[in-house]
Every structure is written in C-alpha cells, then in structure tokens.
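The exercises below ask you to work through a sheet, a core and some ring pairs with the coordinates at hand. Try each task before reading its solution.

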Amino acid sequence: MLNRRPHVRVVWITRHLIIIFFTISSPCSVLKSPNPLPNETKFTMSKTCNFLGLRLRSNPPLPFSNAPALNLLTAASKPFDRWIRASSRRRLVLGGFAGASFWMNNMSGNIGGKSFIASARQTNPSPVEQALSKVEWPENFPFKEEDFQRFDESSDSTFYEAPRFVTHIDDPAIAALTKYYSKVLPESETPGVSILDMCSSWVSHYPAGYKQKRIVGMGMNEEELKRNPVLTEYIVQDLNINPKLPFEDNSFQVITNVVSVDYLTKPLVVFKEMNRILKPGGLALMSFSNRCFFTKAISIWTSTGDADHALIVGSYFHYAGGYEPPQAVDISPNPGRSDPMYVVYSRKLPVA
C-alpha cells in the first residue's frame, strides 16, 4: 500500500488537472464582458468542443433524417461523456457533448470536421443566419428534460427579487436591436395593435417614444416593470413555474423577448402558449446575445454557441407547431468588438 500511494497521488493530481483544463476550455468558458452584472457571463467556443463534439474528420455526417444518428456516440466520445458527467454536478448538454454537437453539426449540413458553432466574429453571411436554412428536423423533439436543468435550481423569484436597473447587453447591441425593432414592429400608435413583451424589465428597447394602445410587460420583478415607460400594463409571473399565459386566444400582433429565451425550462409549453395568444399572422421575435446569468441559463444553452442557439430557438418554434418556418437574422453591430445580437423569429400560421 505504501508503494502505491505516490501513484495514487499522481493519478489524483492528473485527474484534477484534466478537469481544470476541460473546465477552462469548454464551451462554457467565461469571458468577462466590459461591464458584466454579477453572475453574468459571456461565452465563447473552443477547440475542446470540436474534440468532444464528435466533429467527424474521416466520414461525412449522416443525413439527419436517419433517426439512429440522433443518439450516435463514438467509442472515443462515450468515455469522455461518462467521465464529465461523473466529475461534475452539472449535466452539460444533451447526451453529453457528442449528442447535441453531432445533432447540430448534421442539422447544419457541415462536413469535413469544421465546427458549425459560431463565434462572435462572423463572416458574411453569418453562420447564425444560415443555421435555420434548409433544416431537416427530426421527427420528435430531440432534447431531453436534463437539457433544461440549470446549475442553480433554487427559486427564480428569489434570484430576481432585487431589482436590477441595468442593461444586460452593451450600448451598440441595444442600438442595433432598437433599430431592428423600428423596421419590424407596427408603426407607433397603430389602431388595434397589442404587443406582449415577455420576460420584460425596466426597459424594452423599443424605439424612442414608441406607443401602442396596449403593450403588456410580463416579467419577474414588479419594481422593474413599474419603471418601464413603454408598458401600458404588466404581469409578474414565473414562466418556469407557470408557463400558461393569462391571455385570451388571438390577443396580440407581436410578442418580443429580449435575451431571456435561454432561461425557459419549459420552452415548448411557452411557445405553444405564444402561438395560442398570437393573432393569425402574428410575429414572435426572440432576440439573444452571448451573455447570460450562467447559473440560471439552461444547460443546453451554456454548452453550445451562437449558431447552435439559433437552432435551439428555431426548434422551439418548429416543435410547438402552428408557426411558419423560423428564420434567424444576425444584427450584430460590431462583430468581435461588441456584444453580438441575433434574432430568431416566426409568424403564426394564418387560419385556413
């Protein structure tokens, strides 16, 4: 036993060094944003994701219509998948790194081992905008319950109890989103228009002076909602506890959600409810960046990159049903220099 102790010690040290390496270089690596909120993080991709994410270098990816490909794990990826799960409290991603990354790789039509997942510095056209082009969706929703777990499963009401009168994206990203809204929202004071700002706060980033007869804010903190000048009414509701939206069918022309779709733990229920309350042809706009409260974002989000996020949100629209094929747009103002900004949107199908 005495002779084995040094060996055990070496194994222990090596194991923990490897854990540290994968923690630092994983998709969930933290990059501090210029003015981050406490617990708010920004994400970047890494070579580790390419290695663990089943980027096939010798064989082209299987067509996604082939159902067995959904859960394909190579002999090389399985031990890493089990080891990471055993070494961490957190379930990082669907079926381990390999499952989700293989799914998203094949969804993108990527071959030759190049990572489909986008970083903030994009090319033209943006991989985010290409993410939802010609998608071959699996027959069934590919994510599991564990993919919507969070590192911090404590009460969201407690987490959001203290008001935060700050913005969650930088000024250039805000300006880009506001400019985008000015192009796609109904003109200010259009008769009969109702808008729901879901997961709202003290600011909605609508154009200055924007008004409609009814703009409803739904959020987690009453003090923040009271301060939002664009809202005509507000509702405090935790969608992760009660995803049922308290509105009549066909109530709204537009639903917006700014940098909060990554916190939804029951997204399919919420998106079905969104479809119910949208008027036929109504528009749903889900915008996001690469910054979030890491401990409250769902695991599938914190384990993947920007273009994968577009696929994830697009899958919510697709599998909820009743929407036109979702599309993605990259409105990042200064790729690589300021917060990126993306929008995945769809319209409720018109009544036949």
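Two strands pair if DSSP finds at least two bridges between them, and strands (E, at least two residues), like helices (H or I, at least four), are DSSP runs numbered from the N terminus. The model is a predicted one, in which local features need pLDDT of at least 70 and side-chain atom pairs count only at pLDDT 80 or more, while totals for chains, interfaces and linings use all residues. Residues are numbered from 1 along each chain as its sequence is written, and side-chain values use heavy atoms, with hydrogens and water left out.

**Exercise 1.** In what order do the seven strands of the open sheet lie, and which stand at the edges?

*Solution.* Extending to both sides gives the order E5-E4-E3-E6-E7-E10-E9, with mixed pairing. Strand E5 (233–236) and strand E9 (327–330) each have a single partner strand, so one side of each is left without a neighbour in the sheet.

**Exercise 2.** Which strands does helix H9 lie across, and at about what angle does H9 run to E7?

*Solution.* H9 lies across E3, E6 and E7, and its direction makes about 140° with E7, where axes are lines fitted to C-alpha atoms, for helices over the stretch in contact, and angles run from 0 to 180 degrees between N-to-C directions.

**Exercise 3.** Which residues touch the most other members of the largest nonpolar core?

*Solution.* A nonpolar core is a set of buried (under 20% relative accessible area, 1.4 Å probe, protein chains only) Ala, Val, Leu, Ile, Met, Phe, Trp, Tyr and Cys residues joined through side-chain atoms within 4.5 Å. Among the 43 residues of the largest one, the answer is Leu196, Phe271, Met274, Met286, Val313 and Phe317. Helix H11 (306–320) is among the elements giving two or more residues to this core, and its nine residues are the largest share.

**Exercise 4.** How is the ring pair of Phe271 and Tyr316 classed?

*Solution.* Rings of Phe, Tyr and Trp (its six-membered ring) pair if their centres lie within 6.5 Å, and planes under 30 degrees apart count as stacked, over 60 as edge-to-face and the rest as tilted. The centres of Phe271 and Tyr316 are 5.3 Å apart with planes at 65°, so this pair is edge-to-face. Phe271 in helix H9 and Tyr316 in helix H11 are 45 residues apart, and both are buried.

Notes:
Buried < 20%, exposed > 50% of the residue type's maximum accessible area, 1.4 Å probe, protein only. Contact = heavy atoms within 4.5 Å.
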